[in-house]
Amino acid sequence: MDDCIFCKIIEGDVPCDLVYQDDKLVVFRDIRPKAKTHLLLVPKLHIKSLLEVQGEHGDLLSHMMLVLPKIAIDAGLKTGFRTVINTGPGGGQEVDHLHLHVLGGGLAKF
Ligand code: 5GP
Ligand code: ZN
């Protein structure tokens, strides 16, 4: 997607603080962190949001969940972390490329 900031990051056209990548996803630090550690786990495939997810994306979504704990622990979140997926305008989503926030350190309970 030409006008998608996360696709540009994935293509290497926009710099990021990369934490991890494999054939299916990238993980980089949020440019405006909402916690001491704030990572974005982003599939390389452009899917707009959870509302666009189809059955064919099952393996990808499973992969995201399976690699998540190791990425969080490697980032120093050894006592745990929070995951957030904002979906659509009603969910406060700003970047229309599916992504999972990984937050830890100094979090308020909610
Ligand atoms: P959303 O509100 O869509 O769930 O979250 C989008 C997140 O992407 C926000 O937390 C925002 O700070 C982050 N973000 C937006 N543009 C960039 C960028 O160019 N680089 C990085 N690293 N993060 C970005
Ligand atoms: Zn995209």
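**Exercise 1. Determine how the residues lining the largest pocket divide into nonpolar, polar and charged.**

Solution. Step 1: in this predicted model, local features need pLDDT of at least 70 and side-chain atom pairs pLDDT 80 or more, while totals for chains, interfaces and linings use all residues. Residues are numbered from 1 along each chain as its sequence is written, and side-chain values use heavy atoms, without hydrogens and water.

Step 1: apply the classes. Ala, Val, Leu, Ile, Met, Phe, Trp, Tyr, Cys and Pro count as nonpolar, Asp, Glu, Lys and Arg as charged, and the others, Gly among them, as polar. The lining then comprises 12 nonpolar, six polar and six charged residues.

Step 2: A pocket is an open set of points on a 1 Å grid over the protein atoms alone, where a 1.4 Å probe fits, with protein on both sides within 12 Å along at least five of seven lines; lining residues have an atom within 4 Å of a point. The volume, the space filled by probe spheres set on the points, is about 530 Å³ for the largest pocket. Of its 24 lining residues, Phe6, Asp30, Arg32, Lys34 and Leu40 are the closest to the centre.

**Exercise 2. Identify the element that gives the largest share of this lining.**

Solution. Step 1: helices (H or I, at least four residues) and strands (E, at least two) are DSSP runs, numbered from the N terminus. Step 2: two or more lining residues come from each of helix H1 (5–11), strand S2 (25–29), strand S3 (37–43) and strand S5 (100–104). Step 3: H1 gives the largest share, three residues.

**Exercise 3. Describe the salt bridge of Glu94 and Arg32.**

Solution. Step 1: a salt bridge requires a side-chain nitrogen of Lys or Arg within 4 Å of a carboxyl oxygen of Asp or Glu. The closest N and O atoms of Glu94 and Arg32 are 3.7 Å apart.

Step 1: this pair links distant parts of the chain, with Glu94 in the loop between strand S4 (82–84) and S5 and Arg32 in the loop between S2 and S3, 62 residues apart.

Step 2: exposed means over 50% relative accessible area, buried under 20%, and partly exposed in between (1.4 Å probe, protein chains only). Glu94 is exposed because its value is 67%; Arg32, at 53%, is exposed as well.

**Exercise 4. Locate the salt bridge between Lys70 and Asp74.**

Solution. Step 1: their side chains meet at 2.8 Å, N to O. Step 2: both residues lie in helix H2, which spans 58–74, and are four residues apart, about one turn of the helix. Step 3: both Lys70 and Asp74 are exposed.

Note on methods:
Chains are lettered from A and ligands numbered from 1 in the order in which they are written.
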